[in-house]
Amino acid sequence: MKRVLVTGGAGFVGSHLCDRLIGEGYYVICLDNLFTGRLKNIAHLMKHPNFQFVEQDVTIPFKEKVDRIYNLACPASPPFYQADMVNTAKVCFLGTLNMLELAKECGARILQASTSEVYGDPHVHPQTESYRGNVNPVGIRSCYDEGKRISETLCFSYHLQHETDIRIIRIFNTYGPRMNPEDGRVVSNFIVQALKGEDITIYGDGSQTRSFCYVDDLVEGIYRMMENPDFTGPVNLGNPGEFDMIQLANLILEMTKSKSRLVYRPLPGDDPAKRRPDISLAKEKLNWEPSIPLKEGLERTIAYFKEEI
């Protein structure tokens with residue numbers, strides 16, 4: 001039985017990945033400091049014989065023999081990663097460094113969860129993996145954006161210098177059950193506000209676009225990337241369907257039958273105007289593309305939040 005370490009395993013995406021890996025027959029070690037992760041996300045796994053939870057920060061070295069490492073540990077929503085910018089940068093650098101050291105010592109394959117934010121506010125649309133990005137290194141988002149860029153750099157440095165077996169994915173906006181209602185991401189924000197009958201907060205004029213991938217589709221892509229025998233990436237994982245914020249808000253209002261109204265607030269600094277992945281490489285190398293349409297995914301997510309709040 002292969003032993004797999006999932007850092008950030010109690011988080012939104014990480015907990016779904018733990019489910020998948022348990023289902024595939026792996027022994028899963030979930031490492032999480034519970035800063036954004038939640039024990040309720042993995043409560044159903046706690047008594048499983050092939051699951052182990054370790055409460056620890058990824059910036060502290062972890063020593064245990066493993067065959068695979070999925071490094072997902074990092075706050076991913078602006079309110080959380082901006083709450084402690086220095087720590088976010090530490091997680092991206094020191095946390096990734098610790099996991100690469102562990103991979104080198106164990107001879108393990110490591111998958112690094114990077115982000116579409118490495119493209120910044122892009123001048124190329126849709127974004128391909130060859131695009132080098134337009135990132136502000138001294139902005140309010142830079143601890144995360146540049147943090148993930150240095151994570152990728154570290155991975156390739158270990159690969160070139162130590163022949164570490166790496167995989168890099170760039171995750172675009174993802175949504176689904178187990179999102180934290182307080183995490184400040186647009187899908188959870190809109191759904192929670194609609195269900196509570198509160199104003200729907202639109203930042204800027206609402207013309208900025210995002211592409212929304214349902215979490216099950218993302219996990220499938222992550223798993224295929226890890227199991228691919230020879231493709232290091234980076235590779236975009238996301239849904240190429242593109243929606244502006246007003247479209248998303250109106251769809252959620254319709255689906256929740258909410259009477260909430262749209263209100264407009266100033267656009268935060270360095271907020272990208274466009275975001276859509278080119279997934280040609282994922283199709284070619286992983287035979288992967290999303291299968292769950294936005295409306296179907298939102299139905300499942302809304303049902304979850306009705307129970308959550």
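How many positive and how many negative side chains does the protein chain have, and how far apart do the centres of the two sets lie? The protein chain has 35 positive side chains (Lys and Arg) and 40 negative ones (Asp and Glu). His and the chain ends are not counted. The two centres lie 1 Å apart, with each charge placed at NZ of Lys, CZ of Arg, CG of Asp or CD of Glu.

This is a predicted model, in which local features need pLDDT of at least 70, side-chain atom pairs count only at pLDDT 80 or more, and totals for chains, interfaces and linings use all residues. Residues are numbered from 1 along each chain as its sequence is written, and side-chain values use heavy atoms, leaving out hydrogens and water.

Now the fold. The protein chain has 9 helices (DSSP runs of H or I, at least four residues) and 13 strands (runs of E, at least two). The C-alpha trace spans about 55 × 45 × 40 Å along its principal axes. Of the 309 residues, 57% are buried, meaning under 20% relative accessible area with a 1.4 Å probe, protein chains only.

Next, the cysteines. A disulfide is a covalent bond between the sulfur atoms of two cysteines. Here the cut-off is a pair of cysteine sulfur atoms within 2.5 Å. A search of the whole structure finds 0 disulfides. C30 is in none; its nearest cysteine sulfur, that of C18, is 4.5 Å away. C30 is also buried, at 0% relative accessible area. What about C92? Its sulfur is 3.7 Å from the closest cysteine sulfur, in C74, which is too far for a bond. C92 is buried too, at 2%.

Definitions and conventions:
Buried < 20%, exposed > 50% of the residue type's maximum accessible area, 1.4 Å probe, protein only.
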